[in-house]
Amino acid sequence: MPAKDDAAAEKEKNLELFLKVGLDERTAKNTIANNKVTANLTAVIHEAGVTDGCSRSVGNLLYTVATKFPANALVHRPVLTQYIVSSKIKIPAQLDAALSYFANTGPENFKTTEFEEACGVGVEVSEEEIKQSVNEVFEQNKSAILEQRYKTNVGDLFAHLRKRHPWADPKIVKASIDTKLRDLLGERTAADDEKVPKKKKEKPAKVEEKAIAVFTPEQPAEEILNPYAIFPQPEENFKVHTSVFFSDGSILRCCNSKELLEKHLSVTGGRVLTRFPPEPNGYLHIGHAKAMFIDFGLAKERDGGCYLRFDDTNPEAEKKEYIDHIQEIVNWMGWEPYKITYTSDYFQDLYELAVELIRRGHAYIDHQTGDEIKEYREKKMNSPWRDRPIKESLKLFEDMRRGLIEEGKATLRMKQDMQSDNFNMYDLIAYRIKFTPHPHAGDKWCIYPSYDYAHCIVDSLENITHSLCTLEFETRRASYYWLLHALGLYQPYVWEYSRLNVSNTVMSKRKLNRLVTENWVDGWDDPRLMTLAGLRRRGVTSTAINTFVRGIGITRSDCSMIHLSRLEYHIREELNKTAPRTMVVLDPVKVVITNWKDDLIKDCEARKWPDSEAESYKVPFSKVLYIERSDFRLKDSKDYFGLAPGKSALLRYACPIKCVDAKDVVLAEDNETVLEIRVEYDPEKKTKPKGVLHWVAEPSPGVDPLKVEVRLFDRLFNSEVDHHLFSTKPTPLYNFLFS
């Protein structure tokens with residue numbers, strides 16, 4: 001029974017929402033009967049931000065979006081809803097053009113100007129222009145109209161006008177056609193209303209045919225559509241990945257040979273293998289939740305596996321605390337690694353491949369300082385040691401490995417293209433000397449590979465099929481594929497997606513580290529941070545985070561800021577199902593109900609869950625109770641729905657109350673602070689106030705009130721972006737203890 005009640009309550013809630021956006025009752029009820037359309041329309045209404053209602057014309061357009069939006073471009077649906085709400089797209093013809101445009105565009109980026117031109121955004125067709133065109137169309141078809149009179153096919157006339165003015169308001173066009181017909185033909189006659197008898201078609205001779213059952217596969221529901229469909233299958237990884245343009249005019253077109261791909265597929269069995277490669281130098285944040293959703297999600301969807309690989313090439317930054325945290329938080333987010341590996345597991349392989357790179361003439365030992373390397377890169381100049389003999393570089397590299405060269409006196413650099421237009425081809429460093437023990441590998445090594453050298457090679461050694469990363473790594477594609485090509489290694493498919501940027505916070509590990517180490521916040525799991533540990537401490541569930549990330553989609557649209565309210569929406573939706581409610585007053589002011597009996601205590605039924613009446617708890621209601629101080633004002637205003645002298649408000653789950661007069665308010669000596677409010681309640685509940693107040697009753701005699709610790713969190717920074725980070729202190733963390 002409770003499950004049925006929950007379902008009924010959910011349907012009532014959705015029906016009310018659909019009526020608010022202007023759907024007629026019949027359409028709204030038919031929609032409720034279809035779970036797929038209901039889920040789509042609810043999502044579209046929230047994306048459009050019209051949960052409080054909108055005009056009928058806007059609502060009908062949103063309904064069309066919910067039922068007809070192309071499945072391959074769902075990431076762009078929120079953009080279209082904003083065009084509709086802002087009346088940039090306001091007629092069905094514009095919407096049809098938009099749907100067609102997105103169907104052809106798919107999930108890729110689109111040009112705003114191109115889209116708006118295709119949909120007629122900003123094109124206004126005046127009533128005079130429409131009337132003039134109607135006159136011209138009627139003149140061209142006058143003889144046929146006079147002959148057929150009111151039996152004229154108005155649809156044909158519409159088609160002529162649509163060719164001339166595709167973005168004209170159809171209501172105005174229809175009205176102009178009707179007016180012109182009356183002017184030309186006069187009033188309708190009885191003959192105009194006579195039905196033309198239909199000619200009976202001759203039936204062809206019956207031919208006995210066996211009925212053939214045609215199976216039409218059911219289309220998958222949009223709410224479970226696959227966001228990973230954009231990625232190719234492993235066996236398709238023979239195409240050119242990227243073209244590397246060299247300063248001498250030559251071009252390297254990187255792709256797997258048939259032999260390399262077949263060898264890879266024989267090892268993997270054609271399975272999808274991805275990797276989530278965090279550097280263990282801090283706690284994971286919500287941006288990593290998107291990376292996990294893509295890396296682990298793709299592998300799970302394709303029945304493959306995702307490596308959890310710790311990119312531990314910098315022994316000075318890594319800590320076991322971070323490694324333990326990452327493993328634990330990945331599991332909390334609901335993901336199960338195929339294998340847990342470390343880049344340091346491959347240090348021997350990486351060293352041997354570096355030796356091979358030198359032998360092939362693609363690397364050399366350099367003695368420039370960091371400042372000299374920077375200067376030479378800015379001037380696009382080759383290092384003085386770039387053309388040293390291969391044997392000499394091999395000997396020096398061996399000396400580096402054995403610890404015979406001081407730290408900072410030599411590096412191994414890849415011989416790429418110092419005159420390239422891509423600065424990530426400026427002879428990147430492959431190895432540097434660090435006399436620091438490694439947290440995972442111990443003290444075996446005193447030379448460590450760089451990210452640019454190790455990342456792509458380990459991807460290849462682990463037979464990764466899809467190497468997915470954020471867009472700031474896009475310029476590293478050339479270096480990634482150049483190195484694998486130079487060593488003759490298998491080349492994974494690389495694809496970059498947009499970073500997740502959330503307003504009013506910071507997403508950089510460097511900045512997060514500063515907040516923590518300089519004690520601006522209470523550790524990596526401070527609930528004001530967007531670290532996953534902080535969100536969990538705040539009470540956010542992994543389900544809410546994953547739903548938020550899925551809603552954003554997998555796109556390449558960079559520089560987009562996701563407002564914090566969008567995350568908060570998904571958190572509320574999840575907590576509505578998982579967190580039972582209770583009423584708490586933080587800043588209380590005393591309320592005395594003058595027409596309530598002194599010793600009378602009545603139990604009110606309060607909902608445990610905001611969207612369901614299945615479970616409830618009892619709240620004692622007495623003569624004295626407390627409301628929030630902010631829910632009372634001495635001076636009323638139109639935009640205020642709380643309690644004020646002469647105004648009523650509804651006590652949640654109880655009854656309406658009214659502060660009859662200002663004389664019913666007891667003030668402190670400062671004549672401003674409210675000490676007590678005397679009100680009257682409406683036992684018959686005839687008044688229907690707009691404002692609803694939460695409250696707590698005075699404890700019964702001899703009963704101690706519950707002690708509650710309440711933590712209030714504000715957004716970390718007042719600014720939506722972190723350009724002015726640390727120019728002002730972050731908002732404080734509040735703790736209150738009430739009894």
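Which element gives the most to the lining of the second largest pocket? Some friendly notes on that and a few other points follow.

1. A word on the source: this is a predicted model, and the points below should be read with that in mind.

2. The answer to the opening question is α23, which gives 6 residues to the lining of the second largest pocket. This helix covers 564-578. Other elements that supply at least two residues each are α21 (532-538), β15 (602-609) and β24 (708-712).

3. As for the space itself, the second largest pocket holds about 1,300 Å³. Its lining is made up of 30 residues. If you want to find the centre on screen, look for Arg-572, Leu-575, Arg-581, Thr-582 and Leu-712, the lining residues that lie nearest to it.

4. What is the make-up of that lining in nonpolar, polar and charged residues? The lining of the second largest pocket divides into 20 nonpolar residues, 3 polar ones and 7 charged ones.

5. Turning to the cysteines, the structure holds 0 disulfides. A pair would have to lie within 2.5 Å to count as a disulfide. Cys-456 is in no disulfide either, and the nearest cysteine sulfur, again that of Cys-254, is 11 Å away.

6. Are Cys-255 and Cys-456 buried, partly exposed or exposed? Cys-255 is partly exposed, at a relative accessible area of 30%. Cys-456 counts as buried, because its relative accessibility is 1% and the cut-off for buried is under 20%.

7. Next, the backbone. Most residues other than glycine have a negative phi. Asn-504 is not a glycine, yet its phi is positive, at about 60°. You will find Asn-504 in the loop between β12 (501-502) and α20 (509-517). With a relative accessible area of 5%, Asn-504 is buried.

8. Asn-519 is another residue other than glycine with a positive phi, here near 60°. Its place is the loop between α20 and α21. Which side of the cut-offs does Asn-519 fall on, buried or exposed? Asn-519 is exposed, with a relative accessible area of 65%, and the word exposed applies because the value is over 50%. So Asn-504 is buried, whereas Asn-519 is exposed.

Definitions and conventions:
Residues are numbered from 1 along each chain as its sequence is written. This is a predicted model: local features need pLDDT of at least 70, side-chain atom pairs count only at pLDDT 80 or more; totals for chains, interfaces and linings use all residues. Side-chain values use heavy atoms; hydrogens and water are left out. On a 1 Å grid over the protein atoms alone, a cavity is a set of points where a 1.4 Å probe fits but cannot get out, and a pocket is an open set with protein on both sides within 12 Å along at least five of seven lines; lining residues have an atom within 4 Å of a point. Grid points are joined across faces, edges and corners, and a volume is the space filled by probe spheres set on the points. Helices (H or I, at least four residues) and strands (E, at least two) are DSSP runs, numbered from the N terminus. Ala, Val, Leu, Ile, Met, Phe, Trp, Tyr, Cys and Pro count as nonpolar, Asp, Glu, Lys and Arg as charged, and the others, Gly among them, as polar. Buried means under 20% relative accessible area, exposed over 50%, partly exposed in between (1.4 Å probe, protein chains only).
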